[in-house]
Every structure is written in C-alpha cells, then in structure tokens.
Amino acid sequence: MPDAGRAASNPHIDAYIARGLKGRILSGVQPTGNLHLGNYLGAIRNFVRLQADYDCLFCVVDQHAITQWQDPKELASQTREIAAAFLASGLDAKKNIIFNQSMVPAHAQLAWVFNCVARVGWMNRMTQFKEKAGKDRENASLGLYAYPALMAADILIYKATHVPVGEDQKQHLELTRDIAIKFNNDFGASGFFPVTEPLIFGAATRVMSLRDGTKKMSKSDPSDYSRINLTDDSDAIAQKIRKAKTDPQPMPETEADAAKRPEADNLLGIYAALADRDRADVLREFAGQQFSTFKNALTELAVARIGPVGAEMQRLVKDPGYVDSVLRDGAERANALAKPILDEVYRIVGFLKP
Ligand code: TYM
C-alpha cells in the first residue's frame with residue numbers, strides 16, 4: 001500500500017470514531033474523468049480512514065455518470081480508473097465492498113420507488129441540478145433532474161447510516177433524509193429506513209479551483225490548471241501550484257485574514273489537509289512569508305502525498321482484469337445485501353411477488 005494511503009490519525013475523524021458511532025457507510029464517486037485533489041481530500045482519503053472502524057461500501061456510480069452524455073468507449077475505462085483510485089488510495093477490497101452501480105440492479109429499482117416518494121418541489125431546489133443544467137434547463141436529461149433520488153437509493157438500499165462526502169453533496173444528503181422519512185411515514189413503516197448522517201470532515205471539505213478561489217475544483221472545468229489530477233506527475237503538480245492564482249500580499253497572519261482572501265485560504269486549506277494539521281498551526285509556520293516559499297513547501301507535500309497514489313493508479317489501470325475481478329466480487333456481495341432490503345420495500349409498497 002502506498003504511503004499516501006496510510007490511515008494517518010486525523011483529529012476530525014478520530015472524534016467521530018470516538019463517539020462510537022455504529023452503522024454502515026456508503027459513498028459514491030462518478031466515473032466522469034479527471035479525479036482530482038478535491039475528490040481525494042474531500043472524500044476518498046476519508047474513506048480510507050473509516051474502513052477500519054465501519055462496514056463500508058464504495059460505489060463507482062456509472063448510472064449517475066450517464067445523466068450527462070458519456071462516450072461509451074470511455075465510460076468503462078473511467079469506471080475502472082475510479083476503482084483503481086480507491087485501491088491505490090489504500091482501500092482494502094476484501095474488507096470493504098467496492099463495486100459499480102450498474103452491476104447491482106436494486107439501486108435503479110429502489111430509485112423508481114423514490115421517484116414516486118420525492119416531490120417535484122424538492123427537486124426544484126437542488127442547486128447541483130441548476131448548476132449542471134445551466135441556462136438550457138429544458139434540454140437537461142430527466143435523469144439529471146431525478147439524480148438525487150437515485151443517490152438516495154444508493155444509500156438506502158443498504159440502509160447505510162453514514163455517508164462521507166465533500167460539502168457539495170450536503171443538499172443531496174438532506175434530500176436523502178427527507179425521502180427516508182417520507183417513505184417511512186407514507187407506508188407506516190416507522191424506522192424502516194435510517195435517517196442518514198453526512199460525514200463531512202476537516203480542512204478540505206470544499207477544495208476550490210487553483211485559478212479562481214471562488215469556484216469549486218471540478219472535473220469538468222475546461223482549464224486543467226484549475227485542478228490537480230490524481231494522475232498528475234510531479235512536474236505537472238509543481239507547475240500547477242506555481243501558476244496557482246494568489247493575491248499580491250504575503251501569507252495571511254490569521255485564519256480570519258485568510259478567510260477574506262479566497263485563493264490564499266484555499267491553498268492554506270489544501271496544505272492543512274495534506275499535512276493533517278490545523279489551518280492555525282500551518283499559519284504559525286508560514287504567516288507573513290512570501291507565497292513562493294509557501295508554494296514550494298506545498299508542492300513538496302502534494303508530490304509526496306499524491307505521487308504514490310497516482311503511480312499506483314497507473315499500475316492498476318494497466319491490469320483491467322484485476323480491477324474487473326474486484327468490481328465483480330464487490331457487486332456479488334452488494335447484491336446479497338441489497339436483495340432482502342428491496343424485497344422488503346416491494347412488500348411494504350404492495351407489489352405482488354413474482
Ligand atoms: P462526485 O463524483 O462529483 O465527487 C465525489 C466525491 O468528491 C467530493 N468532491 C469534493 N470535495 C471537496 N472539494 C471539491 N472540490 C470536491 N469535488 C468533489 C464530493 O463531495 C464527493 O464526495 N453525487 C455524488 C456521487 C454519489 C454519491 C452517492 C455520493 C452518487 N451516489 C451516494 C455519496 C453517496 C457526486 O456527484 O460526487
């Protein structure tokens with residue numbers, strides 16, 4: 001396992017674990033290309049830290065990916081790439097269930113029931129739909145609109161209790177809770193679905209673009225300089241950090257000062273997350289220094305943490321047979337968990353048995 005995947009202690013996560021939360025974890029990542037530092041720090045690295053203490057399922061959500069057009073030739077390789085990123089980051093394929101969504105039909109089957117539980121008014125409030133559909137909303141796919149109901153199904157088909165994600169998924173998880181509560185009420189099935197808790201940890205829950213500190217780092221940003229991809233080599237990482245936008249002042253003196261300077265705050269948050277230190281602690285070291293000094297330190301840290309993950313990913317994608325065997329095994333175990341829960345949902349709803 002590469003060093004970057006090591007489950008280093010982290011005060012935010014340790015605090016959750018210390019609360020003795022019991023339950024089942026599920027999270028998902030879309031195979032839509034360019035897995036980046038935001039996905040890693042906001043989500044995948046936290047999965048690695050939770051695996052020792054929880055039963056976990058990690059899903060490559062290929063059915064979510066096609067809510068916006070994907071080249072079919074690319075989709076399969078992108079799906080393997082996300083699975084490779086999970087493994088390269090240090091997730092154990094035996095201990096956890098790693099699989100892709102389309103191999104477990106119960107997700108889509110439960111999603112249909114949830115389409116009939118969720119209200120149009122709830123969907124209309126989803127900010128991610130508004131962002132992704134853009135101005136041409138009439139032309140967005142129906143799947144993109146219903147996306148959060150499928151996400152609720154991903155989680156609730158396993159009665160997952162905790163969902164580690166970045167901050168941008170918070171609204172979808174609130175909707176998941178609303179769907180669970182409404183289903184339980186509508187069908188007189190009190191407590192059937194759990195009211196899921198989001199797990200949003202630490203210093204980098206919302207990593208911003210390196211070109212614009214007010215925009216989220218995203219797979220779909222046309223500028224590759226806006227993000228650090230997990231597969232970037234050390235030269236690319238160094239170049240992107242060197243070119244990252246900053247303001248003309250030296251490093252902030254305090255967290256309050258940083259909060260008013262989006263680009264500085266973003267780089268500070270990335271450093272703190274990669275180093276497993278608090279922002280305040282990082283500022284004690286770099287306050288008032290030139291950005292060039294800080295950027296050199298950040299480059300060194302990013303290369304040390306991301307480099308081994310990217311290298312292991314590259315090695316794994318060259319072995320698609322192995323990655324496919326992990327996904328197949330995961331899907332078999334996921335199907336076994338999902339089947340009795342779907343059977344129970346069908347009984348509750350009143351569908352006749354085949
Ligand atoms: P996706 O594929 O966009 O992102 C995967 C994970 O990465 C987090 N993330 C970020 N975290 C911090 N800073 C960023 N700039 C950043 N960008 C992305 C996301 O919050 C996410 O945790 N709808 C989900 C996929 C999904 C899912 C699920 C997640 C489908 N079903 C069930 C949890 C449970 C999505 O599009 O993530």
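I began at the ligand, where a nitrogen atom of the ligand is 2.6 Å from an N or O atom in the side chain of Tyr-147. I note here that the model is a predicted one, and I read every distance below with that in mind.

Still at the ligand, I looked up two further polar pairs. Gln-30 places a polar side-chain atom 2.8 Å from an oxygen atom of the ligand, while a polar side-chain atom of Gln-169 lies 2.9 Å from a ligand nitrogen atom. I then asked how much of the ligand's accessible area the protein covers. Of the 710 Å² that the ligand has on its own, the protein covers 97%. As for the surroundings, I counted 28 residues around the ligand, and the closest are Tyr-147, Asp-154, Asp-168, Val-207 and Lys-219.

On the α5 side I listed Val-113, Phe-114 and Val-117, which meet Ile-179, Lys-182 and Phe-183 of α9. By class, this contact has 5 nonpolar residues and 1 charged residue, with no polar ones.

For α4 (residues 72-89) and α15 (residues 320-349), I found axes that come within 10 Å and a crossing of roughly 80°, so that these helices too are roughly perpendicular to each other. Thr-79, Arg-80, Ala-83 and Leu-87 are the α4 residues in the contact, and from α15 they meet Pro-320, Tyr-322, Val-323, Asp-324, Val-326 and Leu-327. I sorted the contact of α4 with α15 into 7 nonpolar, 1 polar and 2 charged residues.

My last entry concerns α12 (residues 262-275) and α13 (residues 279-286), where the axes come within 9 Å and cross at roughly 105°. Which way do α12 and α13 lie to each other? They are roughly perpendicular. In α12 the residues involved are Asp-265, Leu-268, Gly-269, Tyr-271 and Ala-272, and they meet Arg-279, Val-282, Leu-283 and Phe-286 in α13. The residues of this contact divide into 6 nonpolar, 1 polar and 2 charged.

Definitions and conventions:
Residues are numbered from 1 along each chain as its sequence is written. This is a predicted model: local features need pLDDT of at least 70, side-chain atom pairs count only at pLDDT 80 or more; totals for chains, interfaces and linings use all residues. Side-chain values use heavy atoms; hydrogens and water are left out. Axes are lines fitted to C-alpha atoms, for helices over the stretch in contact, and angles run from 0 to 180 degrees between N-to-C directions. Helices (H or I, at least four residues) and strands (E, at least two) are DSSP runs, numbered from the N terminus. Angles under 35 degrees count as roughly parallel, over 145 as roughly antiparallel, 65 to 115 as roughly perpendicular and the rest as oblique. Contact means heavy atoms within 4.5 Å. Ala, Val, Leu, Ile, Met, Phe, Trp, Tyr, Cys and Pro count as nonpolar, Asp, Glu, Lys and Arg as charged, and the others, Gly among them, as polar. A residue is near a molecule or strand if one of its heavy atoms lies within 4 Å of it. A polar contact is a pair of N or O atoms within 3.5 Å; within protein, one must be able to donate a hydrogen and the other to accept it, and residues adjacent in sequence count only if both atoms are side-chain atoms. Accessible areas come from the Shrake-Rupley method with a 1.4 Å probe; for residues, only the protein chains shown count as cover.
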